[in-house]
Amino acid sequence: MSFGVSLKRERELRGISLAEIAKTTKISVRLLEAIEKDRFDILPEGVFRKSFIKSYAKYLGMNEEQILHEYDLEVQPSTASQVAPEKPSVSFRDSSAGSKRALLLTFVVLLGLLAVGFAFWYFTRAGRKEEVAPPATQITPAAQAPAGPPSSETTLPAASTATPVQTQPTTPPPASTSGAARQAVSKASDPSTLKVLGELAKKPEPSAPVGTESSTPLELTVEAQDAAWISVNAGESILFSGLLNPSESKKFPLQAPLKVTVGNAGGVRLQVNGQVFASLGKAGERRSLEISAKNYQQYLTAKTP
């Protein structure tokens, strides 16, 4: 049995069509048929070919690494036997002439870079000297002061202009404070004010709205009571696709709607946070469900009063 025929047999045993695989993996049906017919010359070369085969095996729930290893053992040797093209021979004389031209070009480029760097350094250094040098006409105030006795205009220190001015405190007199306190006490003793305060004290505090507390995140549990193949998708992403053995289970967060496909409806039990679903169907029956946080309760087992 060839490599492609064995993959086709595994797909048919699981009851999966090529259209279903193409819809999820975004690989055209024509390329999937080429894999099953061992027409690998139709597939793109390099990593794309192995990526298509890996996606095909992953959707069937098979071991992707083992499938790629079988592909390398069966298919790759045929392509590896191709003879590599002969490299054009290059004479020693041509290579030596080319190396000399390359060295000369490198030397010219380095010389030009050194000249540009030296010019940049020279002009930058000259500009900095002009910025740092003080003006020649700048004279300190001490040099301009006359040698004779200072006049009334020159004896005034410059710091006298910065002397802080003391301001009067703006604190109101004690009498006004005591008057405001008496006014506040009189308002507080008013019967109408006391009545309003009593009603406010008796008014119950608004209770927090129901459902604002953080609830426990919902989690879907798929438990196999018998050997069954399942596939769980969240939008375009495949969360799991494979065979579950008896007493084996998988858990998936129900933050986004999930599409659950079961190959043996009678051998699988579903539950959300301990709430068990009703029977999905008979043994060997294939069933697909769309489960979300809003509609999962419709699948639960009816509770007796």
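1. S55 counts as partly exposed, because its relative accessibility is 27%; buried means under 20% relative accessible area, exposed over 50%, and partly exposed in between, with a 1.4 Å probe and protein chains only. The residue is found in helix α4 (residues 47-59). Helices (H or I, at least four residues) and strands (E, at least two) are DSSP runs, numbered from the N terminus.

2. On the basis of the note: this is a predicted model, in which local features need pLDDT of at least 70 and side-chain atom pairs count only at pLDDT 80 or more, whereas totals for chains, interfaces and linings use all residues. Residues are numbered from 1 along each chain as its sequence is written, and side-chain values use heavy atoms, with hydrogens and water left out.

3. Which residues does S55 contact, leaving aside its neighbours within four places in sequence? These are T25 and I27, where contact means heavy atoms within 4.5 Å. The C-alpha atoms of S55 and I21 are separated by 9.0 Å, the two residues being 34 apart along the chain.

4. Helix α1 (residues 3-13) has F3, G4, L7 and R11 buried. They cover an arc of only 95 degrees around the axis, which puts them on the same side of α1; the arc is that of the directions from the helix axis to the C-beta atoms. An α-helix has 3.6 residues a turn, so residues three or four places apart point the same way. The cover over the buried residues of α1 includes α2, α3 (29-36), α4 and α5 (64-74). After α1 comes G15, with a positive phi near 70 degrees.

5. Four strands make up an open sheet in the order β4-β1-β6-β7, with antiparallel pairing; two strands pair if DSSP finds at least two bridges between them. At the edges are β4 (249-253) and β7 (275-276), each of which pairs on one side only.

6. Strand β1 (residues 219-224) pairs with β6 (residues 268-272) in the antiparallel sense over five bridges. In this pairing L220 stands opposite V272, T221 opposite Q271, and E223 opposite R269. Five bridges also join β1 to β4, again antiparallel, and there the bridge partner of E223 is S249.

7. Is β6 mostly covered or mostly open? Four of its five residues are buried, so the description "mostly covered" follows from the definition of buried as under 20% relative accessible area. β6 and β7 pair in the antiparallel sense over two bridges, with Q275 in β7 as the bridge partner of V272. The hairpin of these strands has two residues between them, and N273 takes a positive phi near 50 degrees.

8. The largest pocket has a volume of about 260 Å³. On a 1 Å grid over the protein atoms alone, a pocket is an open set of points with protein on both sides within 12 Å along at least five of seven lines, and lining residues have an atom within 4 Å of a point. Grid points are joined across faces, edges and corners, and the volume is the space filled by probe spheres set on them.

9. The lining of the largest pocket comprises 14 residues, with K23, T24, N233, G235 and K259 nearest the centre. At least two lining residues come from each of α2 (18-25), β2 (228-234) and β5 (258-262). By class, three are nonpolar, five polar and six charged.

Key
1 Å grid on protein atoms, 1.4 Å probe; cavity = no way out; pocket = protein on both sides within 12 Å on 5 of 7 lines; lining within 4 Å. Nonpolar A, V, L, I, M, F, W, Y, C, P; charged D, E, K, R; others polar.
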